[in-house]
Amino acid sequence: MSTDNDTSKCGASSTESEPESSACGASSSSTDTSSSCGASSDTEEKVGSTVDDFDADPGEFVAVGLGPGQPEGMTQRARAALLEAEHIVGYSTYIELLPDEILDAADELYDTPMCGEVSRTEEAIDRALAGNDVAIVGSGDPNVYALAGLALEIIESKGATASMLDFEVVPGVPAAQSCGARLGAPLVNDSVSISLSDHLTDMPTIESRLHAAAKEGFTIAIYNPWSRKRRENFQKCCEILMEHRAPDTPVGVVHGAGREDEQVEIVDLEELEELGETDLVDMTTTIVVGNEETYVWDDRMVTPRGYETKYDY
Ligand SMILES: C[S@@+](CC[C@H](N)C(=O)[O-])C[C@H]1O[C@@H](n2cnc3c(N)ncnc32)[C@H](O)[C@@H]1O
């Protein structure tokens, strides 16, 4: 197994401020060098190579969700897919979360720091088009604020097809569910997820979705809640929630579910905003805002499913 985090057999570089070129025909460039992917709109990553640049029979390409982080939280299917992969590509933190058994079995690891999602995903696809069996990994599930969609979009933009790569999405436990489990049972009725990251969705759109979700009475799982650049987004989010929900609405805050630094707290909605300046709320935190019926019992959040309206118990 070899680890590649600066250059690769396919030639990609992880220096996101530099143009990247690939022996597999890939080229991409990113101008975003901020650690949280920033709120800037000047990020540009360009997909370079096309399917015609590759002579080999394509390998298989799989997007694997790792779940919350610890090896026991990974599904058997995810483990098997990673053991089968020749190359594993991902954000450095997620590669570090992989068990030794998987790291040892891979021929090559390619990891890059936060951001650079487009160049990282293209690197993975180029490696597969060059004939390798490749897995790209991410936390939680590949369909939740993650790379499954981007992978298909890039495959299409290269003139390749998902079928030619036997492209498969291997699901993982999303953060909302891992965090819901830590909190008790807050998500058992209708719920929505909203990301406060304005990197790819503008803030007015995020605000209007928050208003709608809070007004309609959904339990709300908030992803990407806070970063230094997103301080104001978090404050705005708390203000919107307070417009529509009672100040004592239970809110679960889970930092690093299933990881070594896991922390769990249940607070009243009116206390949420001040937590934005504590270590509890950062880029590995998910916040679960109860609906009008959610209550706290025995240190657990409970959202009634509605059985109590039909049955006596
Ligand atoms: C880019 S999204 C990826 C979501 C992931 N695909 C999923 O299904 O959970 C990153 C956000 O997921 C949440 N997250 C990921 N892992 C987490 C964990 N172990 N504990 C709490 N939240 C987590 C945080 O809100 C973080 O900002």
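Student: How do the residues of the lining of the largest cavity divide into nonpolar, polar and charged?

Tutor: Into 8 nonpolar, 1 polar and no charged. Ala, Val, Leu, Ile, Met, Phe, Trp, Tyr, Cys and Pro count as nonpolar, Asp, Glu, Lys and Arg as charged, and the others, Gly among them, as polar. The lining includes Gly 138, which is polar because Gly belongs to the others. This is a predicted model, where local features need pLDDT of at least 70, side-chain atom pairs count only at pLDDT 80 or more, and totals for chains, interfaces and linings use all residues. Residues are numbered from 1 along each chain, and side-chain values use heavy atoms, without hydrogens and water.

Student: What makes a space a cavity?

Tutor: On a 1 Å grid over the protein atoms alone, a 1.4 Å probe fits at its points but cannot get out, and lining residues have an atom within 4 Å of a point.

Student: Which residues make the contact of α4 with α5?

Tutor: The axes of α4 (residues 117-129) and α5 (residues 148-157) come within 10 Å and cross at roughly 65°. Glu 117, Val 118, Thr 121, Glu 122 and Ile 125 of α4 meet Leu 150, Ala 151, Ile 154 and Ile 155 of α5; contact means heavy atoms within 4.5 Å. These residues divide into 6 nonpolar, 1 polar and 2 charged.

Note on methods: Axes are lines fitted to C-alpha atoms, for helices over the stretch in contact, and angles run from 0 to 180 degrees between N-to-C directions. Helices (H or I, at least four residues) and strands (E, at least two) are DSSP runs, numbered from the N terminus. On a 1 Å grid over the protein atoms alone, a cavity is a set of points where a 1.4 Å probe fits but cannot get out, and a pocket is an open set with protein on both sides within 12 Å along at least five of seven lines; lining residues have an atom within 4 Å of a point.
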